[in-house]
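Open the model in your viewer and keep the selection tool ready.

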Amino acid sequence: MLRITDILDKAQSYLPAKELEMIEKAYIYSATVHQGQVRLSGEPYLTHPMEVAGILVDMKLDAATIISGLLHDTVEDTLTTQEQVEKEFGKDVAFLVGGLTKLSRISFGSQEERLAENFRKMILAMSADIRILLVRLADRIHNMRTLQYHPPDRRIYIAKETMEIYAPLANRLGINWMKMVLEDLAFKYLYPEEYSDLSRRIVKTKQSRDRYTDEVKNVIIRELEKLSIKGEVEGRAKHFYSIFKKMQEQHINFDEVYDLIAFRLILDSDNVKTCYEVLSSVHALWKPVPGRFKDYIAMPKANNYQSLHTTVIGPYGERLEIQIRTKAMHEWAEKGIAAHWKYKEGRTFEHDEDTQIKKLRETLEVQQEIKDPREFMSNLKLALFPEEVYVFTPNGDVRAFPKGATPIDFAYSIHSDVGNQCIGAKVNRNIVPLKYALQNGDRVEIITQIGHHPSKDWLKYVVTTRAISKIKNWINLEKKKSSLALGRDLLDKEFKRHGLKFTNLVKAEEIKKIFVEYGVNSLDDLVSQVGYGRISPKQVVNHFLVEDTSKTPVPVLEKVKKKPEAVPSLGISLTGIDDVMVKFAKCCNPIPGDDIAGYISRGRGITVHTRNCPHIKNLDIDRIVDIDWNVREKHAYPVHIKIVSDDRKGILTEISSTISSFDVNISYAQVETIDMIATCNFMIDVNDLKQLNQILSAIKQLKSVKSIERIRKS
């Protein structure tokens, strides 16, 4: 267990004695309030805040941040209040601890809502103080290091959240070591077999790899000496997840990964020209691989990372990745936003650091407009994973966009009105389609027309969260206007049919009961739901007919009650909806066990999609309903699977026999072979997700099989 003396010894190298006393006071306070509490491992709970503080002091963060690390769970997990924290440790610490307090005391309808709201709160707090996010990342690292004490399903959930949200957040802050640690820890639990196999192989080749690393380092050091350039040369194996990701993306095995080792040249000189001089020398030593040079000095990454990257054919024909940077660039590459901390010795941010935090805040704050928790999390993940291209405005300014961005993304980056009124674009002075994918170095001009509006088809061509959000907002606003008009017309007609006037009854007390029953907040919401077809006009009018029986001879109709569960055919259970036609989306082919959602189509019933289907993200959120599986009889559901294997005699027969052994029908099979690799596409009919997973697991055991996946249309 980390001791307080270890933390204080490290902190005293850069913090004054008074602040060390406050850190020690926070340790005693945390130990007192957490006394008697234990973690799942059986260790005293105090070990967790101590480890978090240890990570923060290694990053050389200010005293308030370290103290917040020691106290970050006190308000949530003990009787301590935020007011008590402020009284003992000041407003700064109290604000940080308040921002770190989780949402466990708030009740949510689903885990997804809880997660989305948690990140909303974190983003809002981060807008006021980035240190909140730094403590949260340190907290997540220690929790991941002790993840083995959680139940298996909880491990997977936390690891996935770490891989999809926390590691990308660390990357956007430029804290490379945190990103790598989080990715490798998550990889260990998400792909345990692959992690174990990869770690075994890397350990097995360590001795020969170390000898090779030393040999290459010595060659580079001698070359730097010839140039009279001082600097440090590092050689290290790439982290596990980056190797695994490369194997997956390129469909290769471990023995085919040639650039396992990356070399860094960290130059003492702050002169950028020296980096290019060293690059020229490296290319003179070893032949560069075409298309593998990246200049992140001239064009920094979104997280302000700067370096020269090149891949060369080194000794013995091995590929080497070489990175060249100054010390200042290296410090930023490893520590990111924590490298030049605003709170050290009271100094302010430099321009680049301030810009970097603003960029991250803008990226995340645009998500605040999104109400649906699923869409919020989906867009947040998208915002955190940009592979970038760099383009020029007509004035020569450089703008960075995620790979695949189009002129529409560019237009919305200028202003919402420019995006909405965009009718065309010029790239390098030539007219291009709006779906044109921007390339590095393009010069982009937008052509607008007043009165023009976005098209739903634009959602197919945009990748930035800002453009997606603005287009969807406009489309939803237009749909809401039309649904309001239709809903009001339907209600007026239904009320008139019973001798009632809708406009006279909307102010009655009964209308509030209707709001509660159907989960709406206003009259407009109720009318919209009628226009969308989710609530029938008859259901609304029945509320007033029941109460109006003493005044009118109109026959009393029984008040419609929402059924807790209706069971249409095909094993789908819907809440509050009866006699609805159900069909399955061919884009994602959902099967029992998948997490699903329904989309209401006027006159065509409900179309069932998987929650992660890319097509459902582009549909009208207000027409998406919660549905569940309720399978009472076995049905056959089609699933498309793709298998990549070595091309050898009999492999197709082996795979087909494995599938047939589960008494499953193969409705379609196709095999393509390229360079001794066979790609097999099968359409099979399964009963549910459990049976599919059993089949996939059995096929994966076949010796020649490299990968297997379930395919959904994009």
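Select strand β5 (residues 308-313) together with β6: the two run antiparallel and six bridges join them. Strands here are DSSP E runs of at least two residues, helices are H or I runs of at least four, and both are numbered from the N terminus. Two strands pair if DSSP finds at least two bridges between them. This is a predicted model, where local features need pLDDT of at least 70, side-chain atom pairs count only at pLDDT 80 or more, and totals for chains, interfaces and linings use all residues. Residues are numbered from 1 along each chain as its sequence is written, and side-chain values use heavy atoms, with hydrogens and water left out.

Zoom in on His309, opposite Gln323 in β6. Now find the turn: β5 and β6 form a hairpin with five residues between them. Tyr316 in that turn has a positive phi of about 65 degrees.

Arg264 has Gln323 in β6 as its bridge partner.

Is β6 enclosed or open? Seven of the eight residues of β6 (residues 319-326) are buried, so the rest of the structure largely encloses this strand. Buried means under 20% relative accessible area, exposed over 50%, partly exposed in between (1.4 Å probe, protein chains only).

Last, select β18 and strand β19 (residues 677-686): nine bridges pair them in the antiparallel sense. Thr673 has Ala678 in β19 as its bridge partner.
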